[in-house]
Amino acid sequence: MSYEFKIVLFYKYISFSENDQDIIIERLNQSCNEMGVLGRVLIANEGLNGTLAGKSTYIDKLCETIEFDFGVGKVDWKFSECTGFDLPFLNLSIRKVKELVSSGSTSSFIQSNIGFDPTSYGGISGTGKHLTASEFHSALSNKTPNDIILDIRNQFEHDIGHFEGSIGLGTTTYAETFSALDKTLSILPHQPCQSPSADDTHIYMYCTGGIRCEKASAYLCAKGYKNVYQLQGGIHRYLEAYPDGGMFHGKNFVFDSRVAVGPHSHSTDDINNDDEKERLQTEVVGRCLDCSIACDHYSGKHVCTVCRMPVLICSSCVSINISRQIGRTVGEFHCQRHRDLKDLYFTDLKVFNQEELQLQRDGLSLLLHETLKIASQRQCEGARDVELVGSKLLCVSKNRRRTIRRQLDKIQKTMEALQSSSSAMLSEHINPNDRVGTGFWKQ
């Protein structure tokens, strides 16, 4: 028997003392446990941000508790419904953090340019102008060549659904957003972007529920951009106003077991009519990273083996995920940012023999040499994160070089263990091909 649940997405910037935070965490934990509500809530000295799921009456009661008993005041609660045997969360996590959404090294700059404002939509001042769903829709419908639409979400979210004409920032974490904004606006072919105060440049931004746009828009306003706008309530509110999708194409990524929701959540597996199947597939904006077929389904099993980010890959490519270099099925995946490591970097090294590990080590050593060479050449101007080397993109950041070095060490230790195991077996006159188990030797 399936059940109907209510899900609520919310955030509010408001000043909390340390004592306030501790009290809210304790009381919210108690209330949620009593009501069987699960989800995630972050509490900081700047407010709260979360998603909770449970029975409708319990969710409504919790919203009242947060607004009135905790003194938060009016919050824009974003509700949705789901049906299933279980809640879309596995557990309950309510914890204290430094920031509701981490802005990394840009935090101090942003904090110095914003303030608490209980009369504003999100609770802070210094942000861009909030547009309702209809206002945002009108702005996009009448977009001029100088207007810029930015998706403030991570790239893997953008890949399966976004507004028409919007630009993904290529980020994997929110902390990367601000440097990505600088880079994106500096390379766009719109000359007015070189002058942030230009009157004819309008920047429109959006995210899932609105919270990520608050500090992103404040950052641009502090940088001098005059016409900065953000979608109030995010994609969630827009799809409520335009249930057919409007100018949003694809699915809206959500951080629970539903993974993604939207007006175009169509499955074509059981459709026999080719024309109808093709029509529905055209509404899928995501593309398999390996074969480029229409695909918008993320799975917790299909994450990048390097950075653990979701990888968009179709079922056919999952079943034939074979390393191009060594011709072995390894069941590991690589995101767009780490495609250059596809045949060289693997988490489970025990499935490889000495020769295969040597090929990986040689390839990574060559890659490390290339990145060091480029970084050295650009030392005066500062190495970029990604450079075009020949026909492929090559990441040359310090983090990438650190990742390669660690993998080289791991490969070396595995090769030494293999050699030691082989030598021990030979000394005991044991044929390693006859040994059965889950260690280095397989039948």
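Figure 1. H158 touches D151, R153, S166, I167, G168 and Y206, with residues up to four places away in sequence not counted; contact means heavy atoms within 4.5 Å. This residue belongs to helix α5, which spans residues 155-158. H158 counts as buried because its relative accessibility is 8%, where buried means under 20% relative accessible area, exposed over 50% and partly exposed in between (1.4 Å probe, protein chains only). The structure is a predicted model, in which local features need pLDDT of at least 70 and side-chain atom pairs count only at pLDDT 80 or more, whereas totals for chains, interfaces and linings use all residues. Residues are numbered from 1 along each chain as its sequence is written, and side-chain values use heavy atoms, with hydrogens and water left out.

**Figure 2. The protein chain as a whole, for orientation.** The protein chain holds 12 helices and 18 strands; helices (H or I, at least four residues) and strands (E, at least two) are DSSP runs numbered from the N terminus. Of its 443 residues, 48% count as buried. Among contacts in the protein chain with a separation of 6 or more, 65% are accounted for by residues 24 or more positions apart.

**Figure 3. C213 in helix α7.** C213 lies in helix α7, residues 211-223. Its relative accessibility is 0%, so C213 counts as buried. Leaving out residues up to four places away in sequence, C213 touches I152, M205, Y206, C207 and Q230.

**Figure 4. The largest nonpolar core and residue L357.** A nonpolar core is a set of buried Ala, Val, Leu, Ile, Met, Phe, Trp, Tyr and Cys residues joined through side-chain atoms within 4.5 Å. The largest such core has 31 residues, of which L357 and L364 touch the most other members. Helices α11 (354-377) and α12 (398-427) each supply at least two residues of this core. The largest share, 5 residues, comes from α12. Apart from neighbours within four places in sequence, L357 is in contact with L349, F352, I411, T414, M415 and L418. A second, separate core of 30 residues includes V101, Y174, A180 and L181. In soluble globular proteins, nonpolar side chains tend to be buried together.

**Figure 5. L367 in helix α11.** L367 is found in helix α11. This leucine counts as buried because its relative accessibility is 3%. L367 and I404 are 37 residues apart in sequence, and their C-alpha atoms are 8.3 Å apart in space.

**Figure 6. The loop between α9 and α10.** D296 is placed in the loop between α9 (274-281) and α10 (315-319). With a relative accessible area of 10%, D296 is buried. The side chains of D296 and K251 are joined by a polar contact of 3.4 Å; a polar contact is a pair of N or O atoms within 3.5 Å, and within protein one must be able to donate a hydrogen and the other to accept it, while residues adjacent in sequence count only if both atoms are side-chain atoms. S292 is also found in the loop between α9 and α10. Although S292 is not a glycine, it has a positive phi of about 70 degrees. R308 is placed in the loop between α9 and α10 as well. R308, likewise not a glycine, has a positive phi of about 70 degrees. R308 counts as exposed because its relative accessibility is 53%.

**Figure 7. I320 in the loop between α10 and α11.** The loop between α10 and α11 contains I320. This isoleucine is exposed, with a relative accessible area of 55%. The C-alpha atoms of I320 and G331 are separated by 8.8 Å, and the two residues are 11 residues apart along the chain.

Figure 8. On a 1 Å grid over the protein atoms alone, a cavity is a set of points where a 1.4 Å probe fits but cannot get out, and lining residues have an atom within 4 Å of a point. Grid points are joined across faces, edges and corners, and a volume is the space filled by probe spheres set on the points. By this rule there are 2 cavities of 30 Å³ or more. The second largest cavity has a volume of about 30 Å³. Its lining consists of Y11, D76, K78 and Y121.

Methods:
On a 1 Å grid over the protein atoms alone, a cavity is a set of points where a 1.4 Å probe fits but cannot get out, and a pocket is an open set with protein on both sides within 12 Å along at least five of seven lines; lining residues have an atom within 4 Å of a point.
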